[in-house]
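Here is a short report on one protein model. Look at the structure first, then read on.

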Amino acid sequence: MASTQLNLDAVIVGAGFSGLYMLHRLREAGFSTCVFEAGDNVGGTWYWNRYPGARCDVESIYYNYTFSEELLNEWTWSAKYAEQPEILRYINFVADKFDLRRDIQFKTRVNTAHYDEEKNRWDIQLDNGQSVTAKFFITAVGCLSASNVPKMKGLETFKGEWYHTGHWPHEKVEFKGKRVGVIGTGSSGIQSIPVIAQEAEHLTVFQRTPQYSSPARNTAHDPEYLKEIRANYNEIKTQMQQSAVGIPVVQGERSALEDPPEERQRLFEAAWEKGGLMTLSSTYNDLSINPEANETAQEFIRSKIREVVKNPEVAEKLLPSFYYGTKRTIIDTNYFETYNRDNVTLIDVRKAPIQEITASGIKTAEEEYDLDMIVFATGFDAMTGPLFKMDIRGKDGVSLKEKWAGGSQTRTYLGIGTAGFPNMFMLTGPESPSVLSNMMVSIEQHVEWVSDCLNYLRENGLGVIEANEDAENNWNQHCREVADMTLFTKTDSWYMGANIEGKARGFQIYLGGVGTYRQICDDVADKGYEGFALIPSKEPVL
Ligand code: NAP
């Protein structure tokens, strides 16, 4: 970026999928803009999460941009579930195709973003000492980008190597001949454990909460299938946009309790054999809302774990008991099978908690394990974490962290704006469908909504847009009411903020479905951005 370009229409933070598309849209619309990105290349989540086995659990044909037909026709995914290097290649391909890099400043972190009411501009300080001002401040920081390495006594004394899955080194990590410990059995742990086990001399898995996981059944793509998908993509795109979670899913139309056990078993078996993210959870229409119905899916998966894992004691430790689907649904490749290997040991740290990391390994309440490497698959400070890494201050110098009381009082309007923070937009922010949808669908919808909004402001001589408190309180209440109708809020999960010590509990995702949500956002825009205060511009800033 040219050093003179310090006075921008919009600053975008982050060069992942959302930041890149935001940049493209705003530039196409003639706004001056720049992306600041901490990494040294594009990719966001897919730049940082390079751990072995990393894949996207949304089918590749749905996990791409849909805004450009040319782009859709130029890229071919090799497999049903794309692995991280292929997704990163795709993102680089997009950045090159649309010549995005010239407006991205890499290796640059946004430290502070303060709104100056007098000037109606955002003053942004970068970690290289540079200052930038912009009319609009747009966060494209992702929902899962603030890694969580739990505070464990003694980590600094550990003599071996240690890594977090969300900040994986760019160089190959060698497991061969090593005793590796993995802490955590969420999506990242379940993807990496089978791959690490194949290479390591010995793998010890430290599990706190056993997880439900079902087979992904990944396969290479058949060219004929892809041809058919291409031919029908417009229709598929509409289905994605109008669906509940951003992928076309055939949702069962009756309760799990309506079927006799044999029929239920038949349907669950068919879903298990078919594989995929939503297959099992969509078998019936009440698995996410009715505890008794949910129990039938739980028990089915537990029976599968008992079937796959040969050692009954190990199998017992792997049996989950929370409501199925209320932690992120996981699909795997040979996860439970991995516990049949001679070089894999499973430790239940719920029973015997980790007490400390020592110079030579991990000490639990029962035993000490010698390790050459520790892999933290311990997740993220989700949703608010990435935003709180910056000192964002709105009107009267109030920080976002203060306004949201560190996360417990998170309030947004549509997950895009928040009162007191004029001209700030959060792409896939808290209280939008975000992580409980196909992120690509939600990202495109938010980016297009925000760029349409900026065009509207420009066309109508408006200088300020700010969420009204009433509108955001209503939205917050609506989000909670929808979430409370489900079982999601009955489980301690990162969706609830429960994985971070001291973080207040609260469900921060809109569960009304991406189709409904899109309609709500479109209606707001059609009504002249109802729920937002719009103030005419004092100067022709845009
Ligand atoms: P996660 O789901 O939060 O899992 C973290 C794991 O670490 C859990 O098993 C947790 O146990 C454990 N843990 C955390 N702190 C611990 C401690 N102090 N001691 C022992 N165990 C501890 O994190 P993740 O696996 O990185 O996944 C996060 C999200 O990223 C996913 O839910 C998903 O949305 C996304 N993701 C997606 C993909 C994909 O395929 N698209 C792949 C990876 C990740 P508890 O359950 O007891 O807290």
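## A bridge between side chains

Asp57 and Arg328 join their side chains in a salt bridge, with N and O 2.7 Å apart. A salt bridge here is a side-chain nitrogen of Lys or Arg within 4 Å of a carboxyl oxygen of Asp or Glu. Across the interface of domain 1 and domain 2, the rule finds one salt bridge.

This is a predicted model: local features need pLDDT of at least 70, side-chain atom pairs count only at pLDDT 80 or more, and totals for chains, interfaces and linings use all residues. Residues are numbered from 1 along each chain as its sequence is written, and side-chain values use heavy atoms, with hydrogens and water left out.

## Two domains

Domain 1 covers 5–146 + 382–433 + 465–512, and domain 2 covers 155–376. These bounds come from an automatic or database domain assignment. The C-alpha centres of the two domains are 26 Å apart. Domain 1 gives 37 residues to the contact and domain 2 gives 45. Contact means heavy atoms within 4.5 Å.

## The interface

Together the domains bury about 3600 Å², with 57% of it on carbon and sulfur atoms. Buried area is the accessible area (1.4 Å probe) that two parts lose on being put together, summed over both. Which residues of domain 1 lose the most area to domain 2? They are Asp57, Tyr62 and Leu487, together 20% of what that side buries.

The rule also finds 19 residue pairs in polar contact across this interface, both residues at pLDDT 80 or more. A polar contact is a pair of N or O atoms within 3.5 Å; within protein, one must be able to donate a hydrogen and the other to accept it, and residues adjacent in sequence count only if both atoms are side-chain atoms.

## Around the ligand

How many residues surround the ligand? There are 24, and the closest are Arg55, Ser188, Arg208, Thr209 and Lys327. A residue counts as near if one of its heavy atoms lies within 4 Å of the molecule.

Some side chains place polar atoms by ligand oxygen atoms. For Arg208, an N or O atom of the side chain is 2.8 Å from a ligand oxygen. For Trp494, the distance is 2.9 Å. For Gln191, a polar side-chain atom lies 3.1 Å from a ligand oxygen.
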